[in-house]
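Here are my notes on the model you asked me to look over.

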Amino acid sequence: MSNMFQEIIAFIISTTGWVLVSSTLPTDYWQVSSNDGDVITTATYWANLWKVCVTDSTGVSSCKDFPSMLALNGIIQACRGLMITAVFLGFFGSIFALVGLKCTKIGGTDKNKARITCFAEIFVCNSISSCSIYAHRITSEFFDPTFIDKKYELGAALFIGWAGSILCILGGSMLCAATHSHISPYPRGHAKSVNPRPTADCSNSSRTQHFDKNIYV
């Protein structure tokens, strides 16, 4: 029962992480920059994987969508592809993880369920690279003294993506460990006997040897 409870908790954690990663894809504020006045912020510049915007002090935003995919920066293209792949693979990974749970009636034997669960973990834990690549681009431009364009800082969407990725990795690891912890090395109904009885041939041989010793007495 404890292993089943651990599997359910791990599944909830990994699914929550996938939801956070999925919400990161359309979220604003992947990168943020601001122009400060004497007292208040006069304008806030921010961007995500789809557009770049500016918000003035009154809260009015003006946005410009990125051009066609072929005209995009290579890093933006890579981050888009990785995030979309992470969302789709995470969805299928959640389905496989649900099949691999011991409380479900599908998936076959315990050994097959364990393989499905480990396969699901690979699907779920693949979203951290996109946020890291995007963050590396921001920090490289920020600390580059030769970069003369507007410099941005890390936005809230990156931290949400990292948090979701960590939850996916943690939940997947717990799920895989809980699945393998109670699998017997022997098939069901074929447990190895502690004190196996001798076979019939060995028994007859020992009786014959015992009879041969006593035949001369």
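1. Let me begin with a definition: the expected span of a helix is 1.5 Å times one less than its number of residues. Helix α2 has 27 residues and should therefore span 39 Å; the C-alpha atoms at its ends lie 38 Å apart, in agreement with that value. Helices (H or I, at least four residues) and strands (E, at least two) are DSSP runs, numbered from the N terminus.

2. A word on the ground rules. This is a predicted model, in which local features need pLDDT of at least 70 and side-chain atom pairs count only at pLDDT 80 or more, while totals for chains, interfaces and linings use all residues. Residues are numbered from 1 along each chain as its sequence is written, and side-chain values use heavy atoms, with hydrogens and water left out.

3. On confidence: pLDDT is the predictor's confidence in each residue, from 0 to 100. The protein averages 76, and 67% of the residues score at least 70. Among the elements, strand β5 (residues 153-154) has the highest mean, 92, and helix α6 (residues 200-214) the lowest, 48. The pLDDT is below 50 over residues 202-211, a stretch with zero contacts (heavy atoms within 4.5 Å) beyond near neighbours in sequence. Residues 213-217 are also below 50, again with zero contacts beyond near neighbours. Where pLDDT is low, the predicted coordinates should not be read in detail.

4. For the overall layout, the protein has six helices and five strands, arranged along the sequence as α-β-β-β-β-α-α-α-β-α-α. Of the contacts with a separation of 6 or more, 61% join residues 24 or more positions apart. Of the 217 residues, 29% are buried (under 20% relative accessible area, with exposed over 50% and partly exposed in between; 1.4 Å probe, protein chains only).

5. How many disulfides does a search of the whole structure find? The search finds one, taking a disulfide as a pair of cysteine sulfur atoms within 2.5 Å. The bond joins Cys53 and Cys63, with sulfur atoms 2.0 Å apart. The torsion about the S-S bond is about 115°, so the disulfide is right-handed. Cys53 sits in strand β3 (residues 51-56) and Cys63 in strand β4 (residues 61-65), so the pair ties together parts 10 residues apart in sequence. Cys53 is buried at 2% relative accessibility, whereas Cys63 is partly exposed at 41%.

6. Two other cysteines deserve a look. Cys79 is in no disulfide; its nearest cysteine sulfur, that of Cys131, is 7.9 Å away, too far for a bond. Cys79 is buried, with a relative accessible area of 0%, and Cys131 is buried at 1%.

7. Leu158 touches Trp30, Cys131, Tyr134, Ala135 and Ile138, leaving aside residues up to four places away in sequence.

8. Finally, back to α2. Its buried residues include Cys79, Arg80, Met83, Gly90 and Ala97. At the N-terminal end, Asn73 caps the helix, with a side-chain oxygen 2.8 Å from the backbone nitrogen of Ile75.

Conventions
Polar contact = N/O pair within 3.5 Å; in protein donor to acceptor, adjacent residues only side chain to side chain.
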